[in-house]
Amino acid sequence: HLRMVNFLPDSELMFIGYSSFSHSSIESIKIPKNVVQIDKYAFFYCKKLRTIEFPKDNQVKTILERAFESSGIQRISIPDAIAKIESRQFFNCEKLRLVEFSEKSELKTIGDSAFENTATEGMVLPSNLKVIDNDAFRRCHKLKVLEFSEKTKLISIHKDALSFCGI
């Protein structure tokens with residue numbers, strides 16, 4: 001069973017393709033710095049996946065919908081260049097407790113059901129965030145705090161974005 005994936009520091013890997021690791025027994029992965037895109041379902045239903053690490057100088061610009069859906073991921077630091085957390089990206093990640101953004105985050109949109117049914121208890125949202133889409137945090141029963149910057153650019157919170165939450 002596949003448990004860990006390590007790439008050499010000089011890896012030229014740029015894309016992690018559709019369903020690459022889905023349903024695998026992978027427990028951790030360090031994403032190489034040259035990866036620019038993680039495709040749909042890449043880590044779908046990886047129940048043993050706990051850790052995904054991005055190097056500080058990562059090039060990730062796009063993580064497509066459902067990439068981590070129903071995985072066992074416990075924490076993640078969202079790469080700075082990500083402008084949108086796509087639909088159902090972390091849907092049903094029942095062990096996901098910590099989601100971090102840096103002050104340089106370019107995140108503008110949290111998509112439909114992006115964090116639905118996760119175990120996150122709180123989140124400090126980046127100031128560039130403009131839209132929280134439908135069901136984004138729905139059924140996050142442990143969610144107690146969503147913190148917005150004083151310089152927030154938030155303009156829209158859509159239907160059921162925070163329904164059935166601990167807030």
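The side chains of Glu69 and Arg66 form a salt bridge, with N and O 2.5 Å apart; a salt bridge here is a side-chain nitrogen of Lys or Arg within 4 Å of a carboxyl oxygen of Asp or Glu. This is a predicted model, in which local features need pLDDT of at least 70 and side-chain atom pairs count only at pLDDT 80 or more, while totals for chains, interfaces and linings use all residues. Residues are numbered from 1 along each chain as its sequence is written, and side-chain values use heavy atoms, with hydrogens and water left out.

### Salt bridges

The structure holds 12 salt bridges. Side chains of opposite charge can pair when their charged atoms come close.

| Pair | N to O distance |
|---|---|
| Glu69 and Arg66 | 2.5 Å |
| Glu100 and Arg75 | 2.7 Å |
| Arg3 and Glu27 | 3.7 Å |

Glu100 and Arg75 form a salt bridge that links distant parts of the chain, with Glu100 in strand E9 and Arg75 in strand E7 (residues 75-77), 25 residues apart. Strands (E, at least two residues) are DSSP runs, numbered from the N terminus. Both partners are partly exposed, Glu100 at 29% and Arg75 at 43%.

Arg3 and Glu27 also meet in a salt bridge. Arg3 lies in the segment before strand E1 (4-5) and Glu27 in the loop between strand E2 (15-16) and strand E3 (28-30), so the pair ties together parts that are 24 residues apart in sequence. Arg3 is exposed at 52% relative accessibility, and Glu27 is partly exposed at 34%. Elsewhere, Glu116, Asp135, Arg138 and Arg139 are linked in a network of salt bridges.

### Cysteines

The structure holds 0 disulfides, a disulfide being a pair of cysteine sulfur atoms within 2.5 Å. Cys140 is in no disulfide, and the nearest cysteine sulfur, in Cys165, is 5.0 Å away. For Cys93, the closest cysteine sulfur belongs to Cys46 and is 10.0 Å away, which is too far for a bond. Cys93 is buried, with 0% relative accessibility, and Cys140 is buried with a relative accessible area of 0%.

### The sheet and the surface patch

An open sheet of 4 strands has the order E8-E10-E12-E14, with parallel pairing. Its edge strands are E8 (84-85) and E14, each of which pairs on one side only. Strands pair if DSSP finds at least two bridges between them; strand E12 (residues 131-132) and E14 pair in the parallel sense over 2 bridges. Ile132 has Ile157 of E14 as its bridge partner.

Ile157 also belongs, with Phe148, Leu162 and Ile167, to a nonpolar surface patch of about 350 Å². Ile167 is found in the segment after strand E14 (156-157) and is exposed, with a relative accessible area of 57%.

### Surroundings of Phe101

Phe101 is placed in the loop between strand E9 (98-100) and strand E10 (109-110). Phe101 is buried, with a relative accessible area of 15%. Leaving aside neighbours within four places in sequence, Phe101 is in contact with Ile78, Ile85, Leu107, Met123, Val124, Leu125 and Pro126, where contact means heavy atoms within 4.5 Å. Phe101 and Leu125 are 24 residues apart in sequence and 7.1 Å apart in space, C-alpha to C-alpha.

Notes
Buried means under 20% relative accessible area, exposed over 50%, partly exposed in between (1.4 Å probe, protein chains only). Patches are made of residues with over 30% relative accessible area and no salt bridge: like charges are joined within 9 Å, nonpolar side chains (Val, Leu, Ile, Met, Phe, Trp, Tyr) within 5 Å. Accessible areas come from the Shrake-Rupley method with a 1.4 Å probe; for residues, only the protein chains shown count as cover.
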